[in-house]
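I opened the notebook to record what I looked up in this structure. The entries follow the order in which I went through it.

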Amino acid sequence: MAGTAWRSAILNLLKQWGLSLYGKDKIKAQEVSQVVGALKKESLQPRTFTRGIHTVTLIPGDGIGPEISTAVMKIFEVAKAPIQWEERNVTAIQGPGGKWMIPPDAKESMDRNKIGLKGPLKTPIAAGHPSMNLLLRKTFDLYANVRPCASIEGYQTPYTDVNLVTIRENTEGEYSGIEHVIVDGVVQSIKLITEQASQRIAEYAFEYAKNNQRASVTAVHKANIMRMSDGLFLRTCREAAEKHKDVKFNEMYLDTVCLNMVQDPSQFDVLVMPNLYGDILSDLCAGLIGGLGVTPSGNIGANGVAIFESVHGTAPDIAGKDMANPTALLLSAVMMLRHMGLHGHAQKIETACFDVIRDKKALTKDLGGNSKCSEFTDAICQRVRELV
Amino acid sequence: MSTRAPTLFGPTNVPALSSRSCRSACVFLSSLHTVTLIPGDGIGPELAKHVCELFRFCCVPVDFEVVDVDSSMASEDDIDDAIMAIRRNGVALKGNIETNHNLPPSYKSRNNLLRTTLDLYANVMHCQSLPGVRTRHRKIDIMIVRENTEGEYSSLEHENVPGVVECLKIITKTKSLRIADYAFQTARAKGRRLVTAVHKANIMKLGDGLFLECCKEVASGYPEISFESMIVDNTTMQLVSRPQQFDVMVMPNLYGNVVSNVCAGLVGGPGLVPGANYGENYAVFETGTRNTGKSIANSNTANPTAMLLASCLLLDHLKLHDYASMIRRAVLSTLTETKLHTADLGGQGSTSEVLQRVMNAVQSTGPRTLSM
């Protein structure tokens, strides 16, 4: 059903039960719309929906991962978010046939819960297995990487008006990993673009724009040089645009986007692009708002799986010293709450976090302050209590 | 073809460019250089005209051989003619030729064809904070050396199965060594201290791994210059937060495209930065970010700075350093006059006003000019 049909159906139901939109029952119209929006998303109803509590797989990660995960869990508890955490470890193990995979209990947990929150994972050099992030991506077919970048009031950067989202195709493109040495001294790397993957990411971009009240989607490409590959990507984006006429669509060359992004980032809204351009642009945008320490990120997979993560490193030099900044993981967790339709809790936690950063009284070292991670977390918890 | 001397005040009358030469009035000078001029599309033709006008005014001993390239034609005759002219003259000044990316893949980018046929392997862009231009970051001085002929721009694509396209990125040891050597030689010649190689070798282990290895090999031969490497996504993040940390940067083709556009944006935009493409035997000069500027063509609002500074690079290449310095000084002093800033710099000035001011500035420094 279309959104308006759902909304009227729900309103009728409420009327039948004698509940009105106004007056003492105080059910607000926008809450109905939010429920409708949430219902439309396939991943909303997790399998474990017992007594209104959502179970989420938590992967604390390495280095500062455990301490920032603890911080996030504490804040969620104070905010009374209906989340139950199921902690899992994802060290690569070798399965039958020598194929590297994630531990089966982690896979089972994710498949059951559908929603995950992940801290930074260390990429071992010469461990003989691919990076954990790559394994997770392949296991759950995480095809879309979504990074909303919005300027944080209180954390000053030269760019104050950033409010965009980068949606990056995460499974193919230049990162297909297919390389050959043709003759000694000549290497060929293959960039793979398929219609199926391009269709999937383009569809997702427009769905995201609709569900999050974004006005336009821009496809980023280099079809003047890579005529066939980026041409295919562009064509599928145009086809998806035809099906979603309520969202504006335009196309822009990668170099023009880069040029304009550093001069006036406010002109961009949702950007959709293949893997490599997405990697570069999403990090560029993270740099505009203050770096990876404050940028949230989400990965959407097939079958309703979604894993939200902090994209910074494990920072082994400050691990265990109560110096880490949990903002990135916290904002990713907020993104997760929104994805699940828990907009009220998401707003509360996000506001508390931004308020504490704006106040500048309890900032961690990377944000320019002197406080410990626990002090920063406590300040946010205090603010959450005030906001309830 | 009539040639009227430009007047100091009032409109300047420029005869139309034809495919025959646009002769300098100072034809009596013995060392006359012939330079191929490809106007291109969009704002290219008007900017090319302004360069001609300025050169004539300053009595620069350069004779432009204009070669038009019609980008709407399917045949490659036009671009072949242009390439032949550049082979003949050795040096060119070029506007960007539009590529309609909705045409089938058999129609190749004319700009790319020119670069690869003439083996212009090094694209050099010098991005510096300019006086009079307000930007978010100050004191930027980055020299970008970008491999210009291989990498992702090899134009080798095929669709073996419908709906599955493969695009080949080629990295060779020869070209990687060549560009790395060019970067280090440039750094040494200009007294620069640090070369940063930009790559994605953690993902493209063989391709970018080879590029990085070549850079390290070349670096060992230049002990006085520090060498470091940085992954391209981290590079863009660093560029928007602390661009002052970079000195000379060397990278393969596509990352060069991204990094040069980011740097151009940081110092004030596409209207300000000139670019140069060097090969073993040829050199082609153009605006750094290679924009066609279709939307502002023929509106007298384009910023001529990038093209004028590119023409100064051309003059330096021809060893006409006095003329180069004179024009460069005049262009940079004009940039400090905020009320003349064109739309891309947030002002309302027109191209012709900027040009007139440049000519005034040249006149006031005292050398012989046409109006004397």
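**Entry 1: chain A overall**

I noted at the start that this is a predicted model. I looked up the secondary structure of chain A and found 12 helices and 15 strands. Chain A has 388 residues, and 55% of them are buried. I then checked how far apart in sequence the contacting residues are. Of the contacts in chain A between residues at least 6 apart in sequence, 72% join residues at least 24 apart. The accessible surface of chain A is about 16300 Å², and carbon and sulfur atoms hold 53% of that surface.

**Entry 2: the interface of chain A and chain B**

I asked how many residues each chain brings to the contact. Chain A gives 51 residues and chain B gives 57 residues. On the side of chain A, A:Ile225, A:Arg227 and A:Met228 lose the most area to chain B, and together they account for 16% of what that side buries. The area buried between the two chains is about 4400 Å², with 64% of it from carbon and sulfur atoms.

I next went through the polar side of the interface. The rule finds 25 residue pairs in polar contact across the interface, counting pairs with both residues at pLDDT 80 or more. I sorted the residues of chain A that touch chain B by type and got 28 nonpolar, 11 polar and 12 charged.

Which residues form the salt bridge between the chains? The count between chain A and chain B is one salt bridge. It joins the side chains of A:Asp279 and B:Lys200, with N to O at 2.7 Å. I also listed the elements of chain A that each supply at least two residues to the side touching chain B: β9 (173-183), β10 (186-194), α7 (229-243), β12 (248-253), α8 (254-261) and α9 (275-289).

**Entry 3: salt bridges within the chains**

I counted salt bridges over all chains and the structure holds 36.

A:Arg112 is in helix α4 (residues 104-113) and A:Glu86 is in strand β3 (residues 83-87), so I noted a link between distant parts of the chain, 26 residues apart. A:Arg112 is partly exposed at 27% relative accessibility, whereas A:Glu86 is buried at 16%.

The next pair was A:Arg358 and A:Glu153, with closest N and O atoms 2.9 Å apart. A:Arg358 sits in helix α11 (residues 343-359), and A:Glu153 sits in the loop between β7 (142-150) and β8 (163-169). The two are 205 residues apart, and the pair links distant parts of the chain. A:Arg358 is partly exposed, with a relative accessible area of 34%. A:Glu153 counts as exposed at 53%. I also saw that A:Glu153 and A:Arg358 belong to a network of salt bridges with A:Asp355, A:Arg383 and A:Glu386.

In chain B I looked at B:Asp247 and B:Arg192, whose side chains meet in a salt bridge at 2.7 Å, N to O. B:Asp247 is in the loop between α6 (232-241) and β10 (248-251), and B:Arg192 is in the loop between α4 (173-189) and β8 (194-199), so the pair ties together parts that are 55 residues apart in sequence. B:Asp247 is buried, with a relative accessible area of 14%. B:Arg192 is buried too, at 10%.

**Entry 4: two single residues**

Is A:Val247 buried or exposed? A:Val247 has 5% relative accessibility and counts as buried because the cut-off for buried is under 20%. I placed A:Val247 in the loop between α7 and β12 of chain A. Leaving aside neighbours within four places in sequence, A:Val247 is in contact with A:Phe206, A:Ala209, A:Lys210, A:Arg214, A:Ala215, A:Ser216 and A:Val217. I also checked A:Val247 against A:Val181: the two are 66 residues apart in sequence and 44 Å apart in space, C-alpha to C-alpha.

For chain B I picked B:Thr287, which lies in strand β12 (residues 283-287). B:Thr287 is buried, with a relative accessible area of 15%. Not counting residues up to four places away in sequence, B:Thr287 touches B:Val273, B:Pro274, B:Gly275, B:Ala306 and B:Met307.

Terms used:
Residues numbered from 1 in each chain as written. Chains lettered and ligands numbered in written order. Predicted model: local features only at pLDDT ≥ 70, side-chain atom pairs only at ≥ 80, totals over all residues. Heavy atoms only, no water. Helix = DSSP H or I, 4+ residues; strand = E, 2+ residues; numbered from the N terminus. Buried < 20%, exposed > 50% of the residue type's maximum accessible area, 1.4 Å probe, protein only. Contact = heavy atoms within 4.5 Å. Areas by Shrake-Rupley, 256 points an atom, 1.4 Å probe, with all protein chains shown as cover. Buried area = accessible area lost by both parts, 1.4 Å probe. Salt bridge = Lys/Arg side-chain N within 4 Å of Asp/Glu carboxyl O. Polar contact = N/O pair within 3.5 Å; in protein donor to acceptor, adjacent residues only side chain to side chain. Nonpolar A, V, L, I, M, F, W, Y, C, P; charged D, E, K, R; others polar.
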